[in-house]
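Please consult the sequence and the structure shown below.

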Amino acid sequence: MRKILLLCLLSLMGCANIQLESNWKNPDHVIFTAYKVLIVGMTNDEEARIAYETKMQREFTKRDIEAMRSIDLFDVDFTSGQRNEDELSQVEQQLLDKDFDAILFTKVVSAEDKKRFGEKLAELDDFYGTFRDDYMQHQDIFYKGKRGEELTLYHTETSLYCICVDKERELIWRGVIEITEPLDLKKTIDSYVKLVVQTMEEQDLIFRKKQKE
């Protein structure tokens, strides 16, 4: 009995507390479908970026949706310094030329305390711009800031952008998620991806709920 209790305790210690803090969907898109998606994880922790993009890519693959990790598209030089609007416009055009029609963009931004988290959350709630604007505003996350393991509270934002032909790279959906005590990277990413996928399914965004037979 004691061994069982110990195993349960160790399991709980390795799990982060992950909650959806806010959730916005573009009212012009009741249903959004994409066939080729770029997955971008923006963090200065390369291990976390690779693990997140790989896990999310698998979720698309399981649903027969083509997806590509940004680590397979962006070279090291691209994410090691700031990029201007023209450079990002070229990236968007390259994606269009390669038949991408959406970007799933996740920023992993750390916060040291609840007060700062609340202030940052208010800033995120006011943003409804394009992928280009979003990337330019937050690109220093790749090479500045504290490493995640130094903190116990994170907030992240996952945004879905349309990069359809003849349309502005508009925001389709955004979810802001708080992560507390992320002691185990794999378990944290697994839980995070599961929450994002479930939320997108509920909103009819790329993923669709399985119909009960």
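Are Phe-60 and Phe-207 buried or exposed? Both Phe-60 and Phe-207 are buried in this predicted model.

## Aromatic pairs

Across the whole structure, 2 aromatic pairs are found. In one of them, the ring centres of Tyr-52 and Tyr-192 are 6.0 Å apart and the planes stand at 80°, so the pair is edge-to-face. Because Tyr-52 belongs to helix α2 and Tyr-192 to helix α7 (residues 185-202), the pair ties together parts 140 residues apart in sequence. Tyr-52 is buried at 6% relative accessibility, and Tyr-192 is buried at 4%.

The rings of Phe-60 and Phe-207 have centres 4.8 Å apart and planes at 50°, so this pair is tilted. Phe-60 lies in helix α2 and Phe-207 in the segment after α7, 147 residues apart.

## Charges over rings

Arg-63 lies over the face of Phe-207, 4.8 Å from the ring centre. The charged end of Lys-36 sits over the ring of Phe-100, at 4.6 Å from its centre.

## Surroundings of Thr-158

Thr-158 is located in strand β5 (residues 153-162) and is buried, with 0% relative accessibility. Its side chain makes a polar contact of 2.7 Å with that of Tyr-192. Residues touched by Thr-158 include Tyr-52, Trp-173 and Val-196.

## Strands β2 and β3

Strand β2 (residues 36-42) pairs with β3 in the parallel sense over 4 bridges. The chain passes from β2 through helix α2 (residues 46-62) to β3 in a right-handed β-α-β crossover. Leu-38 stands opposite Met-68 in β3.

Technical notes
Residues numbered from 1 in each chain as written. Predicted model: local features only at pLDDT ≥ 70, side-chain atom pairs only at ≥ 80, totals over all residues. Heavy atoms only, no water. Pairing = 2+ DSSP bridges. Helix = DSSP H or I, 4+ residues; strand = E, 2+ residues; numbered from the N terminus. Right-handed = clockwise from strand over helix to strand, strands pointing away. Buried < 20%, exposed > 50% of the residue type's maximum accessible area, 1.4 Å probe, protein only. Polar contact = N/O pair within 3.5 Å; in protein donor to acceptor, adjacent residues only side chain to side chain. Contact = heavy atoms within 4.5 Å. Phe/Tyr/Trp six-rings, centres within 6.5 Å; stacked < 30°, edge-to-face > 60°. Lys NZ or Arg CZ within 6 Å of the ring centre and 35° of its normal. Lists of a residue's contacts leave out its neighbours within four places in sequence.
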